[in-house]
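Subject: A structure for you to look at

Hello,

Here is the model I promised to send over. Please open it alongside this message, and I will walk you through what turned up.

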Amino acid sequence: MTDFSTFSLDEKLLQAISEQGYETPTPVQQQAIPPLLKGRDVLGVAQTGTGKTAAFALPILQIMSRDRVQGRRVIRALVLSPTRELAAQIDERFAAYGTHLDLRHRVIFGGVSQHPQVTALRRGIDILVATPGRLLDLINQGHIDISKVEFFVLDEADRMLDMGFIHDIKRVLRLLPEKRQNLLFSATMPKSIADLAGSFLKDAVMIDVSPEEIMVGRIEQKIMFIRKADKRRLLVQLIEEEQVERALIFTRTKHGANRLVKQLGQSGIDAVAIHGNKSQGARTKALAGFKNGSIPILVATDLASRGIDVEGITHVFNYDLPNEPESYVHRIGRTARAGKSGVAYAFCDDTESGYLVGIQKLIGQSIPVDEEHPYHFSSAIPKPGQKPGKIKDGKGGGQGARRGHHAGRGKGGNSGQGGPRRQYRGGGQQGGQYRAGDQQGGQYRGGGQQGGQYRGGDQQGGQYRGGDQQGGRGEQGEGRGDSRPHGNSSTGKSRRRRHRRN
Ligand code: AMP
């Protein structure tokens with residue numbers, strides 16, 4: 001088995017790694033570190049939770065500490081992150097891995113005073129972790145110069161595009177020097193990301209880590225079919241019955257998160273919501289309270305949950321099923337961190353069965369059904385042959401979501417289906433994002449990807465799982481909103497109308 005010493009990293013880095021308690025590199029680290037140390041660009045399909053931060057931070061720290069520039073510090077590494085939470089977390093990782101090195105790092109993001117950030121920048125830093133908006137603000141004000149950047153990391157690129165950051169990214173790219181090493185990480189690889197990657201990565205090594213195989217294994221999953229109106233009662237019952245020490249509850253919308261917090265409060269359960277409408281102060285406080293145990297239950301939307309890396313989450317509740325299958329994997333991966341096990345419950349009402357089909361197709365398994373709970377509602381069970389609730393083939397996304405809804409709702413009262421079937425496993429993927437069958441075997445999606453090369457511009461030829469990120473996000477937007485994919489709000493609205501009717 002590989003250990004970190006095989007990468008010939010600096011002793012000071014190895015010491016920091018050992019202080020973190022890491023013994024074995026994760027798959028993304030095994031694949032990314034060697035080419036990065038050789039100066040290659042890397043395109044990584046991996047999401048938070050796979051160890052990807054160390055996969056890029058360790059080689060960057062290694063090369064930067066080896067080739068220290070004399071004189072005043074200049075920004076030599078720039079990491080762009082879509083959310084403040086993730087940015088803060090990446091910066092913490094740089095602090096941990098670089099603790100024995102003489103390299104200065106700093107995180108900057110919006111929603112807080114720029115003053116301390118500017119002061120730190122004036123003192124000189126080597127590594128900057130930033131969200132795009134604040135980065136451009138401070139560049140425009142003349143506080144940041146990125147013309148000496150040697151390493152550019154675009155993290156969670158798919159979220160970046162979802163959040164409308166594409167123009168900001170392009171602006172940043174124009175300001176970077178021609179000669180640099182590029183890294184792009186994304187949990188998914190729709191065509192829009194492949195195009196973006198092709199626009200600035202050069203002869204990149206492509207690595208692909210299947211997150212579901214890594215994370216899903218240790219998590220006890222259960223699906224509960226239920227009427228929408230009964231979800232709250234079941235949630236309260238589970239929280240009271242089970243020894244819920246630290247739980248993350250996911251709703252699809254910010255409004256839904258606020259409402260649920262209020263309703264839980266009425267049942268005597270303390271919870272706090274975390275989403276993009278909350279101020280940065282409120283988000284930081286909620287996260288800190290969740291980490292230190294004073295807030296046992298956090299109700300989050302998907303975007304806000306990005307980067308929540310809190311140990312000891314015993315339960316994840318999918319109060320609403322996500323309309324993107326990848327979000328399910330990401331959500332439940334918040335539990336079972338650092339070798340621990342965890343429980344992930346998912347509530348599925350009769351408008352959500354299509355989403356469940358998509359999720360089970362993605363993870364390549366049927367989630368065990370709990371029919372014993374008092375609110376079991378068999379009409380919410382997917383019908384045989386039901387299509388996934390959302391199909392990521394660009395324009396078809398919203399349509400797919402709607403089809404799923406109808407299929408889920410149409411034949412109400414059809415009982416005794418016996419739960420999701422194996423037939424959903426690896427069927428025809430309808431242009432979906434994941435190649436059927438690949439996920440079932442080994443830990444990696446697709447064989448032989450180690451040597452897999454990615455050449456900018458080639459990517460349209462079917463090398464990537466196609467599909468575009470558009471459609472069906474409803475009111476989730478937490479980004480800048482200047483270039484959000486069209487058609488979303490109408491899907492969101494129609495979904496809200498449907499829910500109101502229920
Ligand atoms: P990331 O995907 O970078 O957010 O990392 C997810 C979690 O895995 C973080 O809590 C890291 O501290 C942890 N981690 C990263 N690399 C390793 C490793 N090789 N062994 C054990 N834990 C790790």
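A word on naming before the details: helices (H or I, at least four residues) and strands (E, at least two) are DSSP runs, numbered from the N terminus. Residue numbers start from 1 along each chain as its sequence is written. Please keep in mind that this is a predicted model, where local features need pLDDT of at least 70, side-chain atom pairs count only at pLDDT 80 or more, and totals for chains, interfaces and linings use all residues.

With that naming, the chain has 18 helices and 14 strands. Of its 502 residues, 51% count as buried. Here buried is 20 or more other C-beta atoms within 10 Å of a residue's own, exposed is 12 or fewer, and partly exposed is in between, with C-beta atoms placed from the backbone. Two residues are in contact if those C-beta atoms lie within 7 Å. Among contacts between residues at least 6 apart in sequence, 78% join residues at least 24 apart.

Helix H6 (residues 132–140) has Pro132, Arg134 and Leu135 as its buried residues. Their cover includes strands S2 (77–80), S3 (105–108) and S4 (127–130), along with helix H8 (166–175). Just after H6 comes Gly142, with a positive phi of about 80 degrees.

Ser8 has phi near 45 degrees and sits in the segment before helix H1 (11–19). Ser8 is exposed, with 10 other C-beta atoms within 10 Å. Glu156 has phi near 45 degrees as well, in the loop between strand S5 (151–154) and helix H7 (157–162). Glu156 has 25 C-beta neighbours inside 10 Å and therefore counts as buried.

Now to two helix pairs. Axes are lines fitted to C-alpha atoms, for helices over the stretch in contact, and angles run from 0 to 180 degrees between N-to-C directions. Under 35 degrees counts as roughly parallel, over 145 as roughly antiparallel, 65 to 115 as roughly perpendicular and the rest as oblique.

The axes of H2 (residues 27–37) and H3 come within 8 Å and cross at roughly 25 degrees, which means that H2 is roughly parallel to H3. On the H2 side, Val28, Gln29, Ala32, Ile33, Leu36 and Leu37 take part, meeting Lys52, Ala54, Ala55, Phe56, Leu58, Pro59 and Gln62 of H3. This contact divides into 10 nonpolar, two polar and one charged residue. For these classes, Ala, Val, Leu, Ile, Met, Phe, Trp, Tyr, Cys and Pro are nonpolar, Asp, Glu, Lys and Arg are charged, and the others, Gly among them, are polar.

H15 (residues 325–332) and H16 (residues 353–363) also have axes that come within 8 Å, but these cross at roughly 70 degrees, so the two helices are roughly perpendicular. Pro325, Glu326, Tyr328 and Val329 in H15 meet Gly358, Ile359, Leu362 and Ile363 in H16. Six of the residues in this contact are nonpolar, one is polar and one is charged.

Finally, the ligand: 13 residues surround it, the closest being Tyr22, Thr48, Gly51, Thr53 and Ala54. A residue counts as near if its C-beta atom, placed from the backbone, lies within 6 Å. H3 (residues 52–66) gives the most to this shell, with three residues. The shell divides into three nonpolar, eight polar and two charged residues.

Best wishes
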